[in-house]
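Hello,

Here is the structure I said I would pass on. My notes on chain packing and domains follow below it.

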Amino acid sequence: MQVKSLLFAGGALLVASSGALASGFQVGLTGAKNVGMGGTGTGLYLDQASQFFNPGAFAFAPTGFQVGGNLAIPRISFRPAGGDQGQRDLQNTNVVPFSGFIGFGPKEGKWRLGLGVYTPFGSELHYAQGWEGRYSLTDINLRSVFAQATAAYAITPQLAVGAGLVMLAYGDVDLQRDVPVQAQGSTAPLHAQLTGKADRKFGYNLGLMFKPSDKLSVGLSYRSAIDAHVSSGDITLTNRPAALASSFSATKFDVTLPLPDVYSVGLGVRPTEKLLIAFDANLVGWSRYQSLDFAYTNGVLGGQAASSSKRQYQDALAFRLGGQYQFGEHFTLRAGTFYDFSAVRDGFVTPETPDADRIGITAGFTYAINSRFGIDGSFLFEDFRKRSQSQDDLISNGTADRVAGTYKTTIAVPGVQLYVKF
Amino acid sequence: MTTFFSFNTARPALALLGLGLAGLAGCQSNLDGPSASPGTLDFTSYVAVGNSLTSGYTDGGLFNDGQATSYPAILAQQFVKTGKGPASFVQPAFSAAKKDGSGYIKLQALNGVLAPVQPTAANNYLSEQVARTGTPLPGGDQLEAYSGPQPDNLGVPGISVLSSVSALTRGLAPYGAINPFYERLLTAAEKPSKDYVTYIGQKTPTFFTCWMGNNDVLTYASNGGVVAATNPFANLTDTMRFGIGYRAILTSISKGGTVKGAVANIPNVTSVPYFNTVTVAAVLASYKAAGLPITAIYVTARTAATTTVTAARAATATDLLTLTTQAYIAANPGVGPSPAKPIPSDYVLDPIEQTEVTARTTQLNAIIAKTAQRFKVPVVDANTFLGSVASSGIYTNGVNNTATFASGNFFGLDGVHPTPRGYAIIANEWIRVINAYYGSTVPTVNANDYRGVLFP
């Protein structure tokens, strides 16, 4: 009496979007000035965050140091299809994406060298106790820190190129779900927790900036894909029926989470000395993420040595518009907006990434204390389109390992950043 | 990306900044669902008529925990959410000290192999708090009498349409003296004479459900197509008496067609795990695993559709062995591998008998459909619904519940009756049909909140 392919086949797994401010589980919160302008930056050379947005533009950026953090405050609601328990609100958890950059180089020189750390992917979600989708996911916490070393060179005063060596310096994952197997005398089903640390992995980014005049700049950039890989993560099972120990014997897991590459094109226009308008378009290569595959070692889970769950993400476009205006000596105000298309197809929405097309509005400011020191503030509000999937959708897509219903998410993110110009 | 502090602690500080973030971020989006409404229905006195499936019988027994998750109890609970539900829904529970009623099957590991174990006197009823009095009745051990008000859940395990109407057997087989689940509901004076159709007529429902007829084919099928001589209700019920009996039942519970309700038809019993777990291939495989050079097992099977004569022959994949066969073989060494000692006919539903059972099921379902139409009540097509569960399983919020024995979580350990999870899924199907027919919006239930099979 083997307990069939039960369970892990379905499931849940990596990653979601509580801090996610771009399609999938990207977190678009690098650089407070950029956040305030709708997340633009490919065509701009405002500060050290150019290393992230367009290493080519970094050649034209002032040298300096900056560090900032954000408080992402998500509000995620879920209503199950047909069920009567009504709406499920998450135990919303705030997350704190951060970024810091330093850039060196001769003040008017042709080259720049820089270092940065930032958090472009991550998610933390804790669903309500006993919620409908507990057999897909109960909790997820995915964290990642990237580090980057960048070099940029201005070939001419109009044209610059740059490249960065990007490292997934730290990543960890904590995934939890219930498994529909219950022991005699237990009121709770089997619960599985998968925790692990990501291997260090390298990637790169490349950028080019063309600046025909002080009034116009055009940028192109590319950020490579990285396969985040957890090897020998730990499996912890609770409430396991003793008689099924041999069907749920695995202690370790391996998983690969493909992170997308990103193509960006951006434009910066300065009609006057004080006004800057920016436009960005991004193409995020989410189609790399076709399935989430776990391999179990030292045994099996639900009688299976591996599991696979369909994702079939699609490449996602985002369009961003932002601007800033300088008032007097010390003060700059910013505003922006963006529209971000979902990477997740209809009928494929998972609890770990309740993704949807979303519109964002942003605002920000800089207060320059003097010519060297200043503070940047940003605020972002993001409104996901309400997204529903029915059980019939899930069955026809072969994605019935997740739950039918309607998700709705909004996120508010205040952020602050300090900078020094050298 | 660590959580440094919760938003609640941050709120005063942010408010001081005058950013007004608390307002912007603090509001959770509301997703409005359809509101629960009874439509034109009145559920204030809901009464359920039926057999074991209605009583909440699971894991081969009737006991308080199983009753609590019967599909009528779940329906009553959901009806309450419309604002027009019953103030209480009475089920014939056993006393607290005998809460395990007739006792129920448990999975136990025997020599490292999981097996369903029946509660018996020999194993001290698996330490369950059974309500058996020690007096045997023709249909099993007598159970503690129920003394409360007449229940709203009138489900009686074992009852068929034929045994519900005493006139159909000319009063010769008083059901109150035969079936312990019915006997315990009746007073001493009622036992010799009051038949089920009269008993249910005592209720004054505002809404009823009726799921009858399963035992008119199942009793025969689960006994391997052998009519037990001691049981007057052991054969397939003929269509004429079924039609008369079914009309009598609906007339009685609907007060002559004046009360609204819903009925369900008879599922094809050959698709339940009881007939699909111990397969011929599995028996052969177990011989092979034991190192025995046995390549065929022999069964006692019908020789032709036109006769009840049986003969021994080699079993094929189309012969359905009952779930109880494994235990029988274990207890009777030497039975099976030889044509001289075939597996008895009552453990085998051979293709001739399968055809009889499914053909009769189709005939009886046609009677149910026609009668329902006459009484203007919708039919839950349990035959189609459970057929689809058997063929592909049914998903409930990310979980596939299948007809696989034990691990499928839909059917309990007797291989015939659903688990509480299965009953919740069935309740949702009733709700779907009731809503579609009457225009009500009774909410469905999260079936995953109800247990599947419990493992040791």
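Predicted model: local features only at pLDDT ≥ 70, side-chain atom pairs only at ≥ 80, totals over all residues.

The crossing of α5(B) and α15(B) is right-handed. On the α5(B) side the contact uses B:Y71, B:I74, B:L75 and B:Q78, and these meet residues of α15(B) including B:Y423, B:A427 and B:W430. The contact of α5(B) with α15(B) holds 9 nonpolar residues, 1 polar and no charged.

A second pair is α10 (residues 239-253) and α13 (residues 351-374) of chain B, which pack at about 35 degrees with axes 10 Å apart. The crossing of α10(B) and α13(B) is also right-handed. Among the residues in this contact are B:F242, B:Y246 and B:R247 of α10(B), and B:L364, B:I367 and B:I368 of α13(B). By class, the contact of α10(B) with α13(B) has 6 nonpolar, 4 polar and 1 charged.

As for domains, chain B splits into domain 1 (46-270 + 350-449) and domain 2 (280-349). The centres of domain 1 and domain 2 of chain B, taken over C-alpha atoms, are 30 Å apart. Each of these two domains gives 13 residues to the contact. On the domain 1 side, α9 (215-222) and α13 of chain B are the elements that give two or more residues.

Regards

Methods. Residues numbered from 1 in each chain as written. Chains lettered and ligands numbered in written order. Left-handed = near helix turned anticlockwise from the far one by under 90°. Helix = DSSP H or I, 4+ residues; strand = E, 2+ residues; numbered from the N terminus. Contact = placed C-beta atoms within 7 Å. Nonpolar A, V, L, I, M, F, W, Y, C, P; charged D, E, K, R; others polar. Axes fitted to C-alpha atoms, helices over the stretch in contact; angles between N-to-C directions. Domains from an automatic or database assignment.
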